[in-house]
Amino acid sequence: MPPSALTIRRAAGARPRAWRLPLPSPTPVACAAALALWSPFFVGAVEADADAEAAPLRISSSLAAPVGGTDAKDLPIYFEADRLDGTPGLKTHASGNVRLKRGDLTMRADDITHTADSNVAEALGGVRISRRGDIFSGPALTLQLDTLEGEFTNPTYRFARTGAGGQAEKVEFLGNNKLRAIGATYSSCTPENTAEPSDLDWVLTTSDVYMDFETNEGRAKNAVIRFMGVPILAAPVLTFPLSDERKSGFLPPSFDIDNKSGFELSQPYYWNIAPNRDATITPTLSTRRGAGVEGEFRYLSDSDQGTIEVMALPNDQVAKRDRGMINAQHKGELVRAGSPSLTNYDWQWLRVSDDDYWKDFTRSRATLTPRLYGSHASIERQINTRAWGLGSSQTALYARVQSWQTLQDLDPAASPDSRIISPYRREPQIGLRSRSTSDAGLVWNFETEVNRFGNEDSTRVTGDRLHALGTISRPFGDAGWNFTPKLSLNAASYSLDRNDASIGTKRSQSRVIPTASLDGGVVYERPINWFGGSQIQTLEPRVQYVYTPYKRQSDIPQFDSAIRDFNQYSIFSENAFTGVDRVSDANQLSLGVTTRILDADTGGEIMRLGMVQKVQFDDQRITADDGPVNTQRWSDLLLLGSTSVVPHWYFDSTAQYSARDSRIERSLLGIRYNPSDFRTISANYRYTRDSSEQLDVGWQWPIAGRSPAAEAVASALAQAAGVKPTPGSSAGCGGTWYSVGRLNYSLRDKRLSDALVGLEYDGGCWIARVVAERTSIGKTEAATRLMFQLELVGLSRLGSSPLRALKDNIPGYRLLREDTGLLTAPPVPPSAYVNDD
């Protein structure tokens, strides 16, 4: 067909139009129609007919992802180019800004030839294909569009999932989800991977890499990871997962350095046993303690889940004995179809080999209380019922056994104060708990239990206790006011194994103690215009009266009772003790008032001020540790305050003031400054008279360089929007140094209690962390640990990870790269519609 129309249009100065050629399965009829579509008049007629026959437009709340892979073989192929020519039914040739699209595959090139019989596209010059955000570009490509089999010469590539890519001598496409790359590199250090491998901060090179996305497996031969030109890891064969799905194989090695074990090298192996079961086995080698192994097994089903963690160190070369730990946990539930009841059960077995374990292995502590290791097994059945004409209720039947392993300091030179009191075991605990489900009308709660208390300390009293706790109340009020009268009852009966002469116990005794209380409050509001905006100020007074008669209890052991901490919540508690064994006598009035300033638009709290105090009309005879009678009529005054009125600043303070002694008994002052991401600093001062005085400071702050973390976010957003990242936004332009840490200093003892200090360097495509941690394990002894980690963004983390220590210790700490399931992942997930789509 002569191109006279094109010649005339160009001679008239018209802009060459983009030709759109839909190709269904290549047949002679389709090819004949394609030739007809080359006529501008016919194109207009077809589009007009299509518009006339189009179905009515409908609003959709979401856009379905395009069909891809071999599922797209029945879809038409669209061409867009400056020039089209060819032979009907045989071959189509497009040149000049060519764009071919089918389903989720888009191909661009200077020249594309499509053969109808084989459905093969041959592209030359500036070839670029994209699919779901993954991009390949190079000089020449041959691709069979139905099976997605073909060959790409000297391509560069970039994967949207990891934000990284590389170059290869050749890429062979082996089907919908398989490919092989020859002489390939991989790195995240340049957005378009235009640099030579020797110029990249880090690069993975392989002689041959095979990727099977269906089985989530990659296999690389002669793999070498180079950092700053230096090989840091090599393997003749390296297997790896291609997504965040699990895959068996060796994980990157890690190492730890501390003053207890010396240098310790670990090589974890991950075993993907089944979709709902996996295990990690980690052999370890310590320069001081010798060889050991750690393991973790996890399982999950529709109604059950659990983990088993073990650590074994045979023949510890320092302690001259076997060391170890086991921590097994399980949770589950039973639900019967059509039944409103639910049964939950869980158990944990946590034990260590010896009393010094918590000192020698601080990094593997499995509990927040390092010298108490608790184990338990419990089952609870919840039932929704109707009770005694008082409306619907929620009832639970439960049983529990609980034991403790208490680690004592066996050092002969240790102070007697270093010994800790072992908690009581429950052998067993069986009970019933029920409460009304309505907050209107009569509200009631009831609990009864029988407990068998034992103790590993044979000098302490043991025995049985049966108790019943009940309350009934009637709330009145609405959002602006409330008033609640309440009656409570605490009854307990004891059967002890023996008498305790030190407290004069009787082997059998019982007591019943009632409590009556009235609790009410009001909330006043008014609009104000402070701090350059509109706010709402509240005034919230609260009054509570409690009366509990005195009942002698000094001859009853304290199985589970302890004095409550003095704060704004406990001052309105009807009992000054937790647990069941102690009930404080009371004839008292608790008074409190709070004022808050709220943002009128968002409801966010800008400022809070409050004060609470208690008035005792009679002496309190039941006191902590059965001490002297409390004759003080006015309790300490508690003052509270917090504000965020200054942008980026937060202040929080509490003071406990003794009116009798005219002095501060306890105080807390906290300040935090957080102007932006990755910039936070906080300081807290804590004081308790005659006990402790501490100052701790925590921070994460850039100290030098640019901000690659922010640039990475901007780059990912640009890619998601289909905008090419700005060259030079990768490594090679210098990175950012961050200082991180937290210091806890005892002003009373004049020593540093705990410390965490380190540096983070964000080089854009890699992050390095060096962190030193010091943990006190006694007044004169501490465990120190040095952690170093190299994070290759888009690949892996190498070394010992300080991330958990940083997140647990530094308020407001943020990862320089958010973890989204992969070892390291881009901050913005890939979209189905990016780049050329």
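I began with Met228, which is partly exposed because its relative accessible area is 45%. Met228 has a positive phi of about 55°, although it is not a glycine. I found Met228 in the loop between strand S13 (217–227) and strand S14 (230–240). Helices (H or I, at least four residues) and strands (E, at least two) are DSSP runs, numbered from the N terminus.

I then turned to Leu148, which is not a glycine and has a positive phi of about 55°. Leu148 sits in the loop between strand S6 (134–144) and strand S7 (149–153). With a relative accessible area of 9%, Leu148 is buried.

**Entry: ground rules**

I noted that this is a predicted model, where local features need pLDDT of at least 70, side-chain atom pairs count only at pLDDT 80 or more, and totals for chains, interfaces and linings use all residues. Residues are numbered from 1 along each chain as its sequence is written, and side-chain values use heavy atoms, with hydrogens and water left out.

**Entry: the whole chain**

How many helices and strands does the chain have? I read off six helices and 47 strands. Of the 837 residues, 41% count as buried. The accessible surface comes to about 42900 Å², and 57% of that belongs to carbon and sulfur atoms. These areas come from the Shrake-Rupley method with a 1.4 Å probe; for residues, only the protein chains shown count as cover.

**Entry: a cis bond**

I checked the peptide bond from Glu427 to Pro428, and this bond is cis, with omega near 5°. Pro428 belongs to strand S26 (residues 425–436).

**Entry: the disulfide**

I looked for disulfides (pairs of cysteine sulfur atoms within 2.5 Å) and the structure holds one. Cys189 and Cys765 form it, with their sulfur atoms 2.1 Å apart. Why does this pair tie together parts that are 576 residues apart in sequence? Cys189 lies in the loop between strands S11 (178–186) and S12 (202–212), and Cys765 in the loop between strands S44 (751–762) and S45 (766–776), so the link spans those parts. The link is right-handed, with 75° about the S-S bond. Are Cys189 and Cys765 buried or exposed? Both are buried.

**Entry: nonpolar cores**

A nonpolar core is a set of buried Ala, Val, Leu, Ile, Met, Phe, Trp, Tyr and Cys residues joined through side-chain atoms within 4.5 Å. The largest one has 49 residues, and Met107, Ile112, Phe136, Leu141, Phe173 and Trp766 touch the most other members. Strand S12 gives the most to this core, with five residues. Apart from this core lies another, of 11 residues, among them Leu350 and Tyr357.

Not counting residues up to four places away in sequence, Ile112 touches residues including Phe79, Val98, Leu100 and Met107.

**Entry: salt bridges**

A salt bridge here is a side-chain nitrogen of Lys or Arg within 4 Å of a carboxyl oxygen of Asp or Glu. By this rule I have 44 salt bridges on my list.

- Arg323 pairs with Asp316, the closest N and O atoms being 2.9 Å apart, and both residues are buried.
- Arg596 pairs with Glu540, with closest N and O atoms 2.8 Å apart. Arg596 lies in strand S36 (residues 586–599) and Glu540 in strand S33 (residues 535–548), so the pair ties together parts 56 residues apart in sequence. Arg596 is partly exposed at 22% relative accessibility, whereas Glu540 is buried at 19%.
- Asp808 pairs with Arg804, the closest N and O atoms being 3.7 Å apart. The two are four residues apart in helix H6 (residues 803–809), so about one helical turn separates them. Asp808 and Arg804 are both exposed.

I also noted one network, in which salt bridges that share partners join Arg289, Asp316, Arg321, Arg323, Asp354, Asp356 and Asp360.

Conventions
Buried < 20%, exposed > 50% of the residue type's maximum accessible area, 1.4 Å probe, protein only. Contact = heavy atoms within 4.5 Å.
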